[in-house]
Amino acid sequence: MSLTRRALVRASAATLALPAIIRSARAAAEPIRVGWLATFTGPLSSPTIGFDRGVKWAVEQVNGSGGVNGRMIEVISRDTQGDPTKAVNATQDVISRQKVHAIFGPVNSGELLATTPIMARARMPSLVAGVVNSLIDPVKYPNAFRVTPSNAQWDDAVRNYCQNIMKVKKVAITADATGYGTSAHDDSVASFKKAGLEVVYDAVIDPAQPDVTPDMLRAKNAGAEVMVSWTVSAGMAARMMNARAALNWDVPIAGHPALGTGEIGKLVDKPEYWEKVYQVGYRSCSYGPDGKLPKPNQDFVDSVKGKFPLADTSLWWIASGVDAIRLISEAVAKTGSSDSDKIIGYWNTLQMWPGLYGHYSFTPQEHNGFLGSDVVMSKANTQRDGAFDLAPGYV
Amino acid sequence: MLAAILAAGFAVGATYALIGVTYNIMFSASRVMSFTAGQLGMAGGVLGALFINRLGLPILPGFILALAGCALIGLVTEIVAVRPVLKALDQHLYVLSTLAFALMIQTFTAIEWSTEPQPFPRLLGIGEGGPLDEKFWLPVVACAATIIGLELLYRRTLVGRAFLAIAEDNFAARALGLPERNLRMASFALAGAVGGLAGFAGGELLLAFFANGATLNFFGFVPVALGGLGNNRGAVIGGLALGVFQQAANFLMGGVVAGVAVFVVFIIVLLVAPQGLFGAPAARRV
Amino acid sequence: MRALIPYALIAVAALALPLFANDYWAVIGARAAVYWVLVAGLNLVVGYGGQLAIGWVALLTLGSYTAAILVARLDLDPFLAYAAGGIVGALAGVVVGLPALRLRTFYFAMTTLGFATIVTQVALAWQSVTGGGIGLPGPAMSPPFDSAWGFYLLCLGFAAVVTWMTANVGSSRYGRSLVAIRDAEVAAEATGISKARLLTIVFLFSGFTAGVAGGLFATLQSYITPEAFSFDLSVTFFIAILVGGRGSILGPLIGTILLTLLPEVAAPLVAWSTFLYAALLLAIVLLMPGGIAALLDFRNRKPLESHRSILPQPDRVRALLDHGQVRENITLRNVVLAFGGVRAIDGLDITIRAGAVHGLIGPNGSGKTTTLNVISGYYAPQEGEAFLGTRVLPHGAPQTRSAMGIARTFQTPRVIGEASVLQNVMIGATIDGRASFVEAALTLPRHRSDEKRLTARAMDALSVVGLSSLAGVRADRLQHSELRFVEIARALVGRPAFLLLDEPAAGLSTDEIKRLGTLIKAVAEAGTGVLLVEHHADLIFDICDEVTVLNLGKELAAGTPAEIRAHKEVVSAYLGA
């Protein structure tokens, strides 16, 4: 046999491929490592409590049934405390030192803005649970997939509710003076105006301001028919509701999902002050007229009831945590590999993937995967097991 | 509109003024400005909510226990963060030790209590949320009562006169045989109670929130800086003015700009009149 | 040379890191280096100058945003953007820092806190430029600095340069002056150190390094939002310095590395990290005020010889004081100064002749020290004037006296306990240095010749007062009597035309008083006029050429020692039988 050049090339290619084969053989037994970066402690920690329950539960499910192709899922969590500097350290830690295969988190926009480019550099498959519009850019960050609505989708839900269901024309828009609030305020004012609504009053309010009566009064005098609120501060939201009552004003309040957090129930002077408050919610986590959730979610709730508390957090956070783990494990199961490119490639093919939280669809050009019509408005004071009643007017 | 601004302005202003008085009481006894002043106000709110809301005590025992708790914090401040550094007063180590102790109080509360604002109990149930609601006038009443109480204490009682003597001239007072250390501890306990009262009376407005400590610390210091160190009347005038200015700025300019405006005005006034508007010039150095 | 060993170890470890560690350590290492660039500058403000700037994160924020904005919006080269961040930081450093000249410590700490809040709020509100809450990307590096290790080495380079520069400054007359205004502000003024000038320069420098650190920080973070610049970060910088030890470069360097690493190694404790830092700060302040630097200061742990005696060498005074200045007298004419209702000096006329010893005696409260304070500029006379020759001595400006050739000592010695005896003495010759701050930071030739000259002269002064064997010892280990002589050496090293001594014999033994007397006489013979405020009558009558007796701020008697001794009123009132 003469040694042709082609054979030589083939032989050397085989030699080169050998380590890769060994690696993938070893990978079969190797656990699937998932970096889970979140705000476990500190002032912004309440969503993480929910997410983490979902993550843990889903991992138990997968590992309990033998893992993915025999591989266990190992979650490596890091507490970033909502601090972008700690988030950058933690991201590099899970990428370079822990050598994870995919990352979920961090969960605050300030952290995500900093960590997204770092994950992109490492081509690390990452599931983004943050609403800031600019986080998703399939060209710059082909590895990042949003598994929550974007800010624009939240805005759409509130605006559609105001315009098409409540049928109002004059709105007041308020936000808190934080990084999130200031940007949400600007986006929201622009989108409401673009849709032809009249923004009669808008303000960015210091969340520590002890009394918001003047702001409410000005909105009232300007003839607002609905107050739109973009704040994560339960204190500020409750103060708005108390001030609304003190002014004898029965204007509806609509906005951020935090309007439904249980903290507000404790902070309003009277329980009824929490009426006529509608917050962004999700079809998957809303009770229908029969008092039941959509089937998969009702089943989920029934199966976990008693295993961990549901009432002190939102069901969608738990659902999102479950979905994140399922998205990762399914990608590995379907492609048989935990390589970055394989996971990313698989996610790019998803069409109306039915998650507990919502439906996800991704293409290489579109990584804002959350189905817009899954975002609805809920009645803020109706939380049971982390889920809410739909706001009036939905069919 | 004006009523709403004035009501909220006087309410937070009175709270700031009380924190200013807290600074003053500690300073008079020790020549130390303590970063814990604001934390005492925070603790007043948190302990009030803890005793009344969480542990279900009636209002009055809850109030007394909250104040006692704050007095205890004041006492511990003296022992841990003030007394050990009094020898080297000119090295200003107290700035560091009280800052450290204040941070410890704040983070401890954040972790063990909550990082979210918690409800504070409704104390009397007077008013329906309007400008005459109790949450607006309770701090003002507390502030007035404190000022009158302190005046009576200082002018009418022996202990009060001893406080004044210490404030006037530490060395001379010691030379006269006054128990300087005990009086200092008593002063810090008193300061703790006054700071606690600020947080308790302002609790319905500010809620039981760990981050109130830092806010009150700064805005409680402003009236001291404006009114002159050790000058309680100056602190009250400065505090009320600050409260109204802040609320008016919030109303006229909105959150972020208003916050910046308050800081800018504070720094300018301080640079123009470092001794405060009602203060005395600095002591001799050589 | 031995002092360089720890730095070399750190440098070797830092350079070896890329050989065995992964990218994660590149990020942590770069973070430590970036923080150190800021902390090193801040160290001159806090550790050396004692100005408690707790809100220095404001300058990091400004530098970060400046660099990020210039790159993102104007497409500037990242290195130019860093420089621009440094310049903005330097200017802001002066704005944030200068209230220190007018405000008391706590007030100053509060204003820096206020600035930190303002800067973040503005970054939040000025959306069109800063991106508001959404922020903007940090400057991206081009090769070879775009990789994790490339950027790490770049940061390391910055850190090394800053370490070198601050170490140079720290050991220069600027560093000594900073420590002097921290621990002995009054004495610093008397030696001619202008606090305003000094702090302005240092705030500029410190602001510059903070601004540059900000630019690097923005690149390291890859994206900046106002949340990244938390008060916790500011506290960390501040604590790193105090844990490291004030007045040291190495200590805060180690402190910065430790505080950057600690949360990474102790991940489960992250929730309590601020609490632990605060507890650490409290423990340091209460138990170990010298910090890490004091732990590493082995030299000052050797016991000192216990039976030391101070043996001045009066014969060497002339060589030290060889100033050849014009001989002028200090004259007070009808000076009046009242505190409240008390007239401390009530129409005093006095002439202190060059090259003579003039004694000033009188009972407590007769106005002796007050007179000295008027001459040295701490008090402004309400009537009358003090003259040097024909020039009026400016009121209330003690920092001008040193340049006019007037030096002094204090009733309670005001020395810098944490500095060495030699450094304390060199403070006295601060205004004779010629090198600028930049020259000192870069150890240019003029700075080196300054140091050589001043060190030699300070050693001379120490041997004149008989303390040269203690030159390297930390001053707080000395006995009280030795401190009195250190103060005299500090006054002499500036070659004064006049030396004002405020009770120099208090607390000295009889032998020491005798030697002090000989020394003072030698000083006067070398041409320096001496004003001696003293209670020891023997000393006064032994060495004075003229004596003035004060009572209730007025001259009771004046004349030669012999005349005073014979003055009936003086004898009956003060001298006893």
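## Nonpolar core

A nonpolar core is a set of buried Ala, Val, Leu, Ile, Met, Phe, Trp, Tyr and Cys residues joined through C-beta atoms within 7 Å. In this predicted model, the largest such core has 419 residues. The residues with the most contacts inside this core are C:Val37, C:Val425 and C:Ala489. Helix H2 of chain C, residues 23-48, gives the most to the core, with 20 residues.

What does C:Val37 touch, once its neighbours within four places in sequence are left aside? C:Val37 is in contact with C:Phe158, C:Ala159 and C:Val162, and also with C:Thr209, C:Val212, C:Ala213 and C:Leu216. In soluble globular proteins, nonpolar side chains tend to be buried together.

## Chain C as a whole

Chain C contains 25 helices and 12 strands. Its radius of gyration is 27 Å, close to the 25 Å that the globule rule gives for 577 residues, so chain C is as compact as a globular protein of that length. Taken along the principal axes, the C-alpha atoms of chain C fill a box of roughly 85 × 50 × 45 Å.

Of the 577 residues in chain C, 57% count as buried. Among contacts in chain C with a separation of 6 or more, 77% are between residues 24 or more positions apart.

Helix H3 of chain C covers residues 57-74. H3(C) has 18 residues and reaches 25 Å from its first C-alpha to its last, close to the 26 Å expected at 1.5 Å a residue. Is this helix largely enclosed or exposed? Of the 18 residues of H3(C), 15 are buried, so the helix is largely enclosed by the rest of the structure. Just after H3(C), C:Asp75 takes a positive phi of about 60 degrees.

Helix H22 of chain C covers residues 510-525 and has 16 residues. From first C-alpha to last, H22(C) reaches 23 Å, close to the 22 Å expected at 1.5 Å a residue. Just after H22(C), C:Gly527 has a positive phi of about 110 degrees.

## Domains of chain C

Chain C is divided into domain 1, residues 21-230, and domain 2, residues 314-575. The centres of these domains, taken over C-alpha atoms, are separated by 41 Å. Their contact takes 21 residues from domain 1 of chain C and 30 residues from domain 2 of chain C.

On the domain 1 side of this contact, helix H8 (148-170), helix H9 (173-183) and helix H10 (185-190) of chain C each supply at least two residues. H9(C) gives the most to that side, with 7 residues. By class, the domain 1 side has 11 nonpolar, 6 polar and 4 charged residues.

## Domains of chain A

Where they meet, 20 residues of domain 1 of chain A are in contact with 13 residues of domain 2 of chain A.

H4 and helix H11 (315-335) of chain A each supply at least two residues of the domain 1 side. The largest share of that side, 4 residues, comes from H11(A). The residues of the domain 1 side divide into 12 nonpolar, 7 polar and 1 charged.

## Contact between chains B and C

The contact between chains B and C takes 32 residues from chain B and 35 residues from chain C. Helix H4 (93-112), helix H10 (212-227) and helix H12 (255-272) of chain B are the elements that give two or more residues to the chain B side. H4(B) provides the largest share of this side, with 12 residues. Which classes of residue make up the side of chain B that touches chain C? That side has 27 nonpolar, 4 polar and 1 charged residues.

## Contact between chains A and C

Chain A gives 28 residues to its contact with chain C, and chain C gives 24 residues. The elements that give two or more residues to the chain A side are strand E2 (73-79), helix H3 (84-97), helix H4 (109-121) and helix H6 (179-194) of chain A. H3(A) gives the most, with 8 residues. The residues of the side of chain A that touches chain C divide into 9 nonpolar, 13 polar and 6 charged.

How values were computed
Residues are numbered from 1 along each chain as its sequence is written. Chains are lettered from A and ligands numbered from 1 in the order in which they are written. This is a predicted model: local features need pLDDT of at least 70, side-chain atom pairs count only at pLDDT 80 or more; totals for chains, interfaces and linings use all residues. Two residues are in contact if their C-beta atoms, placed from the backbone, lie within 7 Å. Ala, Val, Leu, Ile, Met, Phe, Trp, Tyr, Cys and Pro count as nonpolar, Asp, Glu, Lys and Arg as charged, and the others, Gly among them, as polar. A residue is buried if 20 or more other C-beta atoms lie within 10 Å of its own, exposed if 12 or fewer, and partly exposed in between; C-beta atoms are placed from the backbone. The radius of gyration is taken over C-alpha atoms; the globule rule is 2.2 Å times the number of residues to the power 0.38. The expected span of a helix is 1.5 Å times one less than its number of residues. Domain bounds come from an automatic or database domain assignment.
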